[in-house]
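Colleague: I have the sequence and the coordinates open side by side, and I would like to go through them with you. Could you take my questions in turn and show how each answer is reached?

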Amino acid sequence: FTSIIMKLVFLFSLLVSVTNATPLKPDIYHHVLDEDGKSGPCRGSTASDKVDSKSKGGKTQEECEVECDSLANCVAYSYAEGSEGGFCIIYGAGQDGSCANYDAEIEDRCGSCSADGKMTKSTCGLCNIPEGTPIYEGSSSYADNEGLCKLQSGSWTEGSWTEGDWTEPADGWTGDSHLTTHVDFVTSVDGYDCYDKDRSDHLPKCNGTTDADSSCQTRFAEEIEESESDR
């Protein structure tokens with residue numbers, strides 16, 4: 001009987017630890033949980049899809065949330081009270097820093113490569129694959145870099161990368177560059193919680209114009225019908 005009580009107490013404490021975190025402004029921020037009811041650092045479409053961000057320790061949750069409030073491009077924040085004296089991560093486009101002399105949204109693209117068509121430092125180079133080599137299964141999901149080249153039994157020639165001037169975020173924040181700029185997921189990590197501010201940024205959007213008596217949804221449906229009738 002005692003062991004049953006102990007198990008119930010443990011399960012209750014686990015449940016509380018999973019669900020008791022809340023944003024300070026619940027009308028603005030949504031506590032993001034995975035299918036097991038756990039939170040963690042914010043992610044994009046999957047648990048491994050990291051989001052463009054900046055981070056800093058020594059922050060209270062209030063300071064973290066206020067920082068997100070003050071930034072037009074902040075889509076979410078993560079907070080870990082027990083890490084680095086209060087660890088705050090701010091997510092959104094441009095949070096990682098900026099490139100002064102190239103039109104680059106992430107640090108890996110702040111520069112230019114001598115190889116045509118290569119836009120990032122990590123893929124700067126050319127791969128010579130022997131004729132007749134079978135296409136590597138799943139190659140489309142890999143970055144076109146030296147690692148993929150070796151998987152395809154190719155010979156990699158390193159390109160020349162010209163560094164741009166990348167500026168880290170101000171006021172002691174540390175940038176973390178990623179192409180993803182929306183939040184819709186978490187990767188489960190004890191002590192971390194994700195709070196999403198823009199809950200629709202991962203959804204399809206309608207760009208363009210419509211007639212005064214029409215709507216984006218109507219226009220989309222009409223274009224779908226037209227494309228199907230042309231087949």
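What follows is a set of questions and answers on a predicted model.

Colleague: Which strands form the edges of the open sheet of 6 strands?

Modeller: The strands of this open sheet, paired in the antiparallel sense, follow the order E1-E14-E4-E5-E3-E12. From one strand to the next the twist averages 25°. An edge strand here pairs on one side only, and that holds for E1 and for strand E12, residues 174-176.

Colleague: How many bridges join E4 to E14?

Modeller: Strand E14 pairs with E1, residues 30-32, in the antiparallel sense over 3 bridges, and in that pairing His31 stands opposite Tyr195 while Val32 stands opposite Cys194. Strand E4, residues 76-80, also runs antiparallel to E14, with Tyr79 opposite Asp193. The number of bridges that join E4 to E14 is 4.

Colleague: Why do the buried residues of helix H2 lie on the same side, and what arc do they cover?

Modeller: In helix H2, residues 61-69, the buried residues are Gln61, Cys64, Glu65 and Cys68. They are on the same side of H2 because the arc that they cover around the axis is only 95°. As a rule, an α-helix has 3.6 residues a turn, so residues three or four places apart point the same way. For H2 the arc itself is 95°.

Colleague: What angle does the direction of H2 make with that of E4?

Modeller: The cover over the buried residues of H2 includes E4, strand E5 (87-91) and E14. The helix packs on the sheet, where H2 touches strand E3 (53-56) as well as E4, E5 and E14. Between the direction of H2 and that of E4 the angle is about 165°.

Colleague: Which element gives the most residues to the largest nonpolar core?

Modeller: The largest nonpolar core has 13 residues, and those with the most contacts inside it are Cys42, Ala76, Tyr91, Val183 and Cys194. The elements that give two or more residues to this core are E4 and E5. With 3 residues, the element that gives the most is E5.

Colleague: How many residues does the second, separate core have?

Modeller: Tyr91 belongs to the largest core, and leaving aside neighbours within four places in sequence, its contacts include Cys42, Ala76 and Val183. Tyr29, Cys64, Tyr77 and Tyr79, by contrast, are among the residues of a second core that is separate. The number of residues in that second core is 11.

Colleague: What is the relative accessible area of Ser53, and is this residue buried or exposed?

Modeller: Ser53 has its place in strand E3. Not counting residues up to four places away in sequence, Ser53 touches Ile89, Ile90, Tyr91, Gln95, Asp96, Thr174, Gly175 and Asp176. Buried means under 20% relative accessible area, and Ser53 is therefore buried, with a value of 5%.

Colleague: With which side chain does the side chain of Arg109 make a polar contact?

Modeller: Arg109 has its place in the loop between strand E6 (98-99) and strand E7 (111-113), and this residue counts as partly exposed, at 28% relative accessibility. Leaving out residues up to four places away in sequence, Arg109 touches Ala104, Met119, Thr120, Trp161 and Leu179. The polar contact of its side chain, at 3.3 Å, is with the side chain of Glu105.

Colleague: Which residues are in contact with Thr22, leaving aside its neighbours within four places in sequence?

Modeller: Thr22 is in the loop between helix H1 (2-19) and E1, and with a relative accessible area of 49% this residue is partly exposed. The C-alpha atoms of Thr22 and Val32, 10 residues apart along the chain, are separated by 9.9 Å. Leaving aside those neighbours, the residues in contact with Thr22 are Gln61 and Tyr195.

Conventions:
Residues numbered from 1 in each chain as written. Predicted model: local features only at pLDDT ≥ 70, side-chain atom pairs only at ≥ 80, totals over all residues. Heavy atoms only, no water. Pairing = 2+ DSSP bridges. Buried < 20%, exposed > 50% of the residue type's maximum accessible area, 1.4 Å probe, protein only. Arc of directions from axis to C-beta. Contact = heavy atoms within 4.5 Å. Polar contact = N/O pair within 3.5 Å; in protein donor to acceptor, adjacent residues only side chain to side chain. Axes fitted to C-alpha atoms, helices over the stretch in contact; angles between N-to-C directions. Core = buried A, V, L, I, M, F, W, Y, C linked by side-chain atoms within 4.5 Å.
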